[in-house]
Structure formats: structure tokens, C-alpha cells
Amino acid sequence: MCGIAGLIYRKGTSNIGQEMTDMLQALKHRGPDSTGFAIYGKPTKGQHVLRFKVAEQEDLDSGLKIHDEIKDRRSRVDTILKELGAKVTKAEEATEYAYRYEIQFDGDMKKLADHVEDVEGAEILSIGNSLELIKDLGDAGVVSGQYGLGNFTGTHGIGHTRMATESDVDIRSAHPYWAYPYNDIAVVHNGQITNYWLMRRQLEREGQRFVSNCDSELLAVYTASNMEKGISLEESLTQSIQEIDGVFTYLVTTADQLGMAKDTMAAKPMVLYESDDMVALASEEVAIRAIIPHEIDTWDPYDEEVRVWQA
Amino acid sequence: MAGVSTSHEMGLHTEPLKGRDIKTMFTLENEGGYGYAFARDVDFNKRAEVDAEGKTAREVNSKIRELMDSGHGTIVLKNPGAAHSLVVGILNRANIIVEGSLGYFGCGLLDGPNVRVSGRVGWSFGENLMAGTIVVEKNAGSTFGAAMRGGDLVCKGSVGSRTGIDQKGGTILVGGDTGAFSGFMMQRGRMVVCGNAGKNLGDSMYDGTIYVGGEIKDLGVDAIPGELTDLDKAWLTRKLTQYELMPEKGVDHFTKIVAGKQLWSYDNLEPSEKKLVL
């Protein structure tokens with residue numbers, strides 16, 4: 001089933017980390033397998049935030065050797081960053097296997113991403129000037145607590161609670177997906193993509209990379225491919241309704257935008273609330289009411305509807 | 001048929017029906033007939049409130065039943081918080097006032113009560129409504145009134161997609177717009193949309209009537225325009241006035257959609273004929 005949620009402030013910032021946590025916790029019944037956040041803080045000038053992992057949570061149960069292996073993998077990532085000229089100004093361990101680095105780097109971001117992911121088990125969760133992409137197994141409260149999102153101030157964000165139907169229960173298959181190799185772009189999706197393999201093969205022939213077998217990743221890669229061709233977010237969302245086959249409602253965020261698209265059948269839910277200050281949208285109204293307890297006017301976007309809001 | 005006086009003579013079954021048939025479900029001794037034998041006898045002047053804050057759907061619905069058991073006929077539900085599956089399975093007359101919004105499957109399986117919701121409602125609201133009236137003051141989600149069989153289901157705002165899917169009776173009234181596939185596989189009853197209707201309106205409808213005051217994006221398979229008669233106009237005027245949805249320009253501009261009934265004998269068609277129909 002899965003639950004998705006998004007939030008964007010038009011005039012200023014808010015405690016987006018806690019608000020997204022509350023929204024996603026209210027959607028826990030739609031997907032208890034994993035939870036993910038893509039939240040946008042203050043842009044760091046000349047700095048990039050690199051979020052990556054070198055193992056899955058379940059790998060920790062594979063024996064004592066894995067702890068040394070994780071240290072070794074991280075050390076190899078550090079070496080690669082140094083060799084490519086990326087200066088790590090701050091390094092934080094979110095968990096034993098997932099890290100947050102602030103780096104100074106003005107080289108080829110795609111090359112950096114490719115080299116880091118050459119390390120066994122390594123996967124870049126996101127790179128951006130303001131994007132922080134966090135995803136792990138467990139509900140929103142668990143993941144938010146684990147990664148310390150409670151005090152995160154920002155302008156906008158999207159999130160996802162996953163019920164695994166198409167692929168494994170692991171971080172690799174959890175949402176949001178970063179639109180590799182583009183800074184600050186993330187995607188969450190509720191639905192099933194029925195022409196996944198056809199589209200995936202087409203995109204792979206164009207040189208795009210996939211890290212999982214989750215059909216939702218296609219939307220991130222598809223968005224990235226369109227960005228590469230200079231297509232705007234709104235155009236990409238509109239185009240996807242005709243090109244992507246299946247039932248879907250999905251959200252995309254950039255450094256300063258939040259967009260949504262709904263398929264031709266309007267088969268997947270989305271409830272929308274708009275005010276002068278903010279826009280909140282979620283698979284169910286209970287998620288919006290988790291942050292706005294008083295009565296509000298909400299509505300369902302229709303089939304083939306595309307919307308983009310600016311932070 | 002001359003001389004045939006009973007259904008048995010027409011070759012129909014003679015054995016008694018088993019299960020929850022009309023004999024066990026209804027008591028004909030009730031004044032007004034056809035009330036459930038286990039329906040509660042309530043007093044509309046006896047009023048009570050239920051605060052849904054912090055309660056589960058089961059707790060809220062059980063509390064409403066308890067109040068009706070003790071004769072309360074007017075129940076106000078406060079702080080529903082857009083929660084799912086509230087105010088369901090009520091099979092007797094009662095006035096239920098919901099102060100706020102409901103989530104998915106709100107007011108499902110109702111047979112008799114009058115409900116007013118001051119807020120918005122989520123997907124599958126009023127599903128399987130059998131009798132009574134439900135009025136929603138704001139918007140509604142998709143599959144509004146799915147499989148309903150009787151009563152009046154009213155949304156004063158706009159509704160989502162697949163409104164009245166599998167509708168088997170009763171009346172759905174929408175003050176605003178409705179989304180795609182509304183009236184999909186409709187079998188009986190009436191649907192009135194004062195605003196616009198999305199694509200594939202009335203797709204594969206068997207019977208029933210849809211009235212649209214605004215624009216129709218397109219019609220579904222086997223849905224065709226019908227003639228808006230004086231009887232239709234009189235009925236529309238009465239119903240829309242009753243629920244304060246009457247458009248300023250009246251009802252003459254409404255488009256009537258009915259089943260083309262080309263799919264009725266679909267199974268008997270040759271493949272080439274199916275292509276023509278579809």
C-alpha cells in the first residue's frame with residue numbers, strides 16, 4: 001500500500017524534521033517496513049552534504065567480521081574522496097553503517113558518485129547543497145530518533161512509509177530515491193509501475209544507473225534523465241503520466257520545489273491542503289491533521305493532475 | 001400466463017430460503033414496516049456527545065451504539081480528526097452530527113440514520129448506504145457512495161474519482177465536480193453532479209441515470225446522452241432544492257446520461273460485434 005507525504009513552506013522555515021516525522025508516523029498503518037525522509041535545510045554555500053551507507057541493517061546480523069568490514073569500506077570511501085579532491089569538513093556517523101559528510105568539492109559529481117559506489121556495499125543516498133536523505137528500516141519515530149531529525153529546520157520535505165510488495169525489505173529498496181547524480185532531487189512513490197523493465201532497459205541503455213529492483217526507483221532515474229535533457233520538473237511530471245504505465249501518485253522535490261503527479265486512473269490516493277504559508281499533502285488526511293489539528297479544507301487532486309509549488 | 005397464480009407454477013423454487021432473509025431480518029409488526037428486528041428505538045430529543053479524541057474507531061462506534069441502546073436519538077461526534085471507519089453499521093433511525101472531518105470508509109453500511117458531516121470525508125465514504133440521508137458540507141474523496149443501494153448521499157463540495165462505482169440504488173448529489181470513472185458499472189439509482197465530470201463518465205453502466213450540470217470530459221463505454229424530460233427537471237428541482245444545491249440558472253442545462261444497453265448481451269456477441277460495441 002505505502003504512504004507518502006510532502007510539506008513545503010512558501011514563506012520561511014519550520015521544524016520540518018519533526019513535522020515530517022509526525023506525518024509519516026500517522027501513516028504507519030500504510031507501510032511499516034521502512035521509513036524515509038528527504039528534507040531540505042539551509043543551503044550550504046560551496047558545501048555539499050553527502051549521505052551514504054556501506055551496509056544494510058540486516059548485514060549486522062551476519063557475524064562479527066561485518067563490523068571490521070564496515071570500517072574498511074568507510075575507510076576506502078574516505079580514500080576515494082581524498083583522491084578525487086573532495087575535502088571532508090565534517091563527518092558524522094548516523095548509524096554504524098550510514099554516514100553524513102559535509103564536503104567541499106567542485107569537480108564532476110557523477111564521477112565522485114560512481115567511484116564511491118565502486119566500494120562493496122556502498123550506496124550514496126543523496127548529494128545536495130540542502131538535501132538530507134535519510135531512510136532505514138522501522139517506523140517514522142524509530143528512524144527519526146535514530147538519525148536525530150527532531151530539530152531539523154528547513155523549508156520543505158517529502159517522506160515515505162513502505163509496505164514492500166515489489167522488492168526486498170532493505171534500505172536499498174526504501175524511499176525516497178535520490179535522482180543520481182543531480183544535487184538535491186528526491187522522489188517518493190505510492191503505486192506499481194507496470195512497464196518498469198521496459199523503461200529500465202531504455203534508461204540503462206542511455207547510461208542511467210539503478211541500485212535496486214524496486215519499481216519506484218524508476219521514477220527517480222526517469223526524473224534525473226529528464227533533468228539531464230534540460231526538461232523542467234513540471235514538464236517531467238506531465239510527461240511521465242503518458243510514458244510511465246501503472247498506478248502511481250508520486251512526489252518530487254528539488255532544492256526549492258515540491259511537485260506531484262497522479263496517474264490516468266487516479267488509483268492512488270492523495271489529499272491536499274494549501275494555505276498562504278504552506279502546502280501539505282499526504283496519502284491520507286490523518287497525516288496532515290497530525291501537524292494541523294484544527295479543521296481544514298482539503299481535497300483530492302484528480303487524475304493526470306500535476307502540481308508544482310515553490311519554497 | 002393465464003391461469004398461473006403463484007411463482008411455483010412458473011417453475012420457480014418451492015423450498016424455503018435459508019440464511020438471513022426478510023423473515024428474520026425485518027419485523028412487519030413495526031409501525032412503518034421493514035425495520036430491523038434488532039433496531040434500536042431511539043428518542044430524537046435525547047441528545048448526547050461523543051468525543052473521538054484519542055479513541056480508536058472501535059471505541060467510538062461502540063460508544064455510539066451504547067448511546068442508541070440507551071435511547072439517544074441525536075448524537076454529536078466531536079473531534080473526529082479525519083479518522084477512518086467512524087459512524088458505521090448503524091441500522092436504525094438516528095440523527096448523527098459529525099463536527100469535523102472523517103477519513104476512509106466513514107458512514108459505511110448505514111441503513112436508516114440521518115447524518116450531517118461539517119467537514120471533509122475520505123475515500124469510500126457512504127459505501128453500501130441502504131437508507132437514510134448523509135450530507136457532507138465540504139469535499140469528499142474517491143469512490144464516494146460505492147455500491148450504495150438506497151437513501152440520499154450528498155456532498156456539497158467536489159468529490160474524487162469513481163463516484164458511485166457499482167451504485168445499485170439511491171441518489172448521489174454532488175454540488176461541485178466529480179473525477180474520472182464516475183458511475184462506473186452503475187446498475188440503478190441516480191447521480192447528480194452540479195459541476196463538471198471527469199473522463200469515462202458512466203463507463204459500462206448497466207442502468208441508472210446520471211445528470212451533469214457542467215462539462216463532461218468524455219463518456220465511458222456504453223454511456224449515452226438521454227433526453228432530459230419534464231419529469232427529470234421536476235425531480236432535479238425537488239432534490240437540489242431540498243439540499244440547497246439548486247443552481248441559479250435552474251436545471252434546464254443539465255445533461256442526462258443513461259446506459260446504451262449494448263453491453264447487456266455482451267456474452268452472446270460475436271468477436272466482430274464486440275469490436276463494434278467496444
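A crossing of two helices is called left-handed if the near helix is turned anticlockwise from the far one by less than a right angle, and right-handed if it is turned clockwise. In the predicted model described here, the crossing of α5 and α6 of chain A is left-handed. Helix α5 spans residues 196–205 and helix α6 spans residues 217–228 of chain A, and their axes come within 11 Å of each other while crossing at roughly 35°. On the side of α5(A), the meeting residues are A:Tyr196, A:Met199, A:Arg200 and A:Leu203, and these face A:Leu218, A:Val221, A:Tyr222 and A:Ser225 of α6(A). Sorted by class, this contact is made up of six nonpolar residues, one polar residue and one charged residue.

Within α7(A), which runs over residues 233–243, the buried residues are A:Leu233, A:Ser236, A:Leu237 and A:Ser240. These residues lie on the same side of α7(A), because they cover an arc of only 100° around the helix axis.

Helix α1 of chain A, residues 16–26, is largely enclosed by the rest of the structure, because eight of its 11 residues are buried. The buried residues of α1(A) are A:Ile16, A:Gly17, A:Glu19, A:Met20, A:Thr21, A:Met23, A:Leu24 and A:Ala26. They pack against the strands β1 (3–9), β2 (34–40), β8 (156–162) and β14 (278–282), and against the helices α4 (140–147) and α8 (285–289), of chain A.

Where the domains touch, 13 residues of domain 1 of chain A are in contact with 16 residues of domain 2 of chain A, and the side contributed by domain 1 consists of eight nonpolar, two polar and three charged residues.

Chain A also meets chain B, in a contact that takes 13 residues from chain A and 21 residues from chain B. The side of chain A that touches chain B holds five nonpolar residues, one polar residue and seven charged residues.

Notes. Residues numbered from 1 in each chain as written. Chains lettered and ligands numbered in written order. Predicted model: local features only at pLDDT ≥ 70, side-chain atom pairs only at ≥ 80, totals over all residues. Contact = placed C-beta atoms within 7 Å. Nonpolar A, V, L, I, M, F, W, Y, C, P; charged D, E, K, R; others polar. Axes fitted to C-alpha atoms, helices over the stretch in contact; angles between N-to-C directions. Helix = DSSP H or I, 4+ residues; strand = E, 2+ residues; numbered from the N terminus. Buried ≥ 20, exposed ≤ 12 C-beta atoms within 10 Å, placed from the backbone. Arc of directions from axis to C-beta.
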